[in-house]
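My entries follow in the order of the look-ups.

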Amino acid sequence: MIRSLLIAVLALATLAGLARAQPSATPGAPWVADLGNGRYRNPVLHTDYSDPDVTRVGNRFYMTASSFTNVPGLPLLESPDLVNWTLVGHALNELVPRETFNKPQYAKGVWAPSIRHHNGRFFIFYGDPDFGIYVVEAKNFRGPWSAPRLLLAGKGLIDPAPLWDDDGNAYLVHAWAFSRAGKNNLVTLRRMDAGATRLLDSEGVDIINGNDAPGYHTVEGPKLYKAHGYYYVFAPAGGVEQGWQAVFRSKSITGPYEVRNVLDQGDTPINGPHQGAWVTAPGGSHWFVHFQDKGAYGRVVHLQPMRWKAGWPLIGQPGRRAGVGEPVMTHRKPVQGHAAASPASSDDFKSPTLGLQWTWSANPQPGWFALDPAAGELRLNTVASREANGFVRASPAILAQRMPASRFLVTTRIRLDRANEGDRAGLVVNALQYSWLGLRRKAGVTELVWTFCGPFGPRCQEQSTVLLSPAPEELSLRLFMNEGGFTNFSYSTDGKTFVRAGSPFPVTRGGWVGAQVGLFAVGEVGGSSLTVKGFELTAPGVGPY
């Protein structure tokens, strides 16, 4: 009890101090990790870039992360210093098999990728728990990337990571999903050709069994490295929300391996600090990138200093137990002299392409949207979906983005053109328990409605409240996300004075992902469209909202 209170007090004190230290280098950004004084705060990305992996080529750092059923998938981020990241593209234009992912497959798809640079090319390996392990590759990080090729087919094959050894051999390790394979807590080694085009063995060797280490369960997410005369497997254990980071080492790649817990929550508010990447900076310093599960916000990205002692990594700051680190809240940046940056979150629709932050809930189809850069407008054409009747989350055409901070404000202006009976369109927070504010055509009248779908579950039940009937031809919608994942919606007919819509809504996770905020237009027959004038997502002011 006393420990819990101390952690809570520490968290509040740290947040207060960080709020005072918030830099002004990127005005309006909802979250900036760079404190502007040579230091950074964690998380470096308060965004659901789950299961991050990082590599460095020259002076640049490159990251990818899980994308599950979001399309495009495998986000590509660049940074000069591991703190200030920019989203520059995606490695997957569509998910395969195409027919499977032409409709939402929440919690499926792209799990826990790894990225490496070998022989002048970037490689990303990812597991799909229902189909197997895939590889994509590119000469340039920003693409074009190859179509995914299936390296190893099978159920429950997840979290792949390669190693090109200094003797010319190439290897792949992976973990197992119990839900598909009926087993887990194992790390399996496979031999691979140098081009990552095929495996060279007929079956794998289990080199790590978590059951052999007292108290260890759910060993997964392995990353395989070689250094100091050892093979190292960095692997999380203990589960997503409350786990820890383990490191296994052996003189032989096939084992036996000894293990240490090298990072856990300790006396900090950072639960489950694990699963990520060891990377070195140009100056030779060592760093560890990992995630923290924050429920509705998803798995946000932290950066820890790392050093080596007696052949074992020491990560973060010293904890209460020798050799076991705990996360830092702030630290000196790995590389000095670079300006603050963060991935884009707003979109004025004045470009001929959508902002890179946007993803669809399934493989997109031609004709779903159009942009008018001169007018600064996005047109979402209503997609007919019987599955989405009374359950908007089933629509394949939700255009959304990851939540970029614990607090933010979204403002947009919409118009529903040529509305048909049963059409629904507007602003949505998409999760297992979700809510939306927008327009609905019912009994020949276009109404403004606030809709809540609960309780938390695979298919919740929508309940709508009519706010304006008839609704004006055009109006502004606003969403305020507050600390703790509570959302308030509001609307305005003049774009200036906003009226509260519905009640505060507790956001939930979305199924291995955090909640996402976005836009949709769904109906029974199609033929109508939602016109959206700008999507501004920024840090909130004083309010009230």
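Predicted model: local features only at pLDDT ≥ 70, side-chain atom pairs only at ≥ 80, totals over all residues.

Entry 1, pairing. I started from Ile414, whose bridge partner in strand 39 is Val532. Strand 30 and strand 39 (residues 529–538) are antiparallel and pair over nine bridges. For the terms, I took helices (H or I, at least four residues) and strands (E, at least two) as DSSP runs numbered from the N terminus. I counted two strands as paired if DSSP finds at least two bridges between them.

Residues are numbered from 1 along each chain as its sequence is written, and side-chain values use heavy atoms, with hydrogens and water left out.

I then looked up strand 35 (residues 474–482), which runs antiparallel to strand 30 and is joined to it by eight bridges. Arg413 has Ser476 as its bridge partner in strand 35.

I used buried for under 20% relative accessible area, exposed for over 50%, and partly exposed for in between (1.4 Å probe, protein chains only). Strand 30 (residues 408–417) is largely enclosed by the rest of the structure, because 10 of its 10 residues are buried. I checked the directions: Phe408, Val410, Thr412, Ile414 and Leu416 point one way, and Leu409, Thr411, Arg413, Arg415 and Asp417 point the other way.

I counted a salt bridge where a side-chain nitrogen of Lys or Arg lies within 4 Å of a carboxyl oxygen of Asp or Glu. Glu474 and Arg413 form one, at 3.0 Å from N to O. Glu474 lies in strand 35 and Arg413 in strand 30, so the pair ties together parts 61 residues apart in sequence. Glu474 also forms a salt bridge with Lys533, with 3.4 Å between the closest N and O atoms. That pair links strand 35 to strand 39, with Glu474 and Lys533 59 residues apart. Lys533 is partly exposed, at 35% relative accessible area. I listed the network of salt bridges as Glu377, Arg413, Arg415, Asp417, Glu474 and Lys533.

Lys226 is in strand 14 (residues 223–227) and Asp166 in the loop between strand 10 (157–164) and strand 11 (170–176), 60 residues apart. Lys226 is partly exposed at 35% relative accessible area, whereas Asp166 is exposed at 65%.
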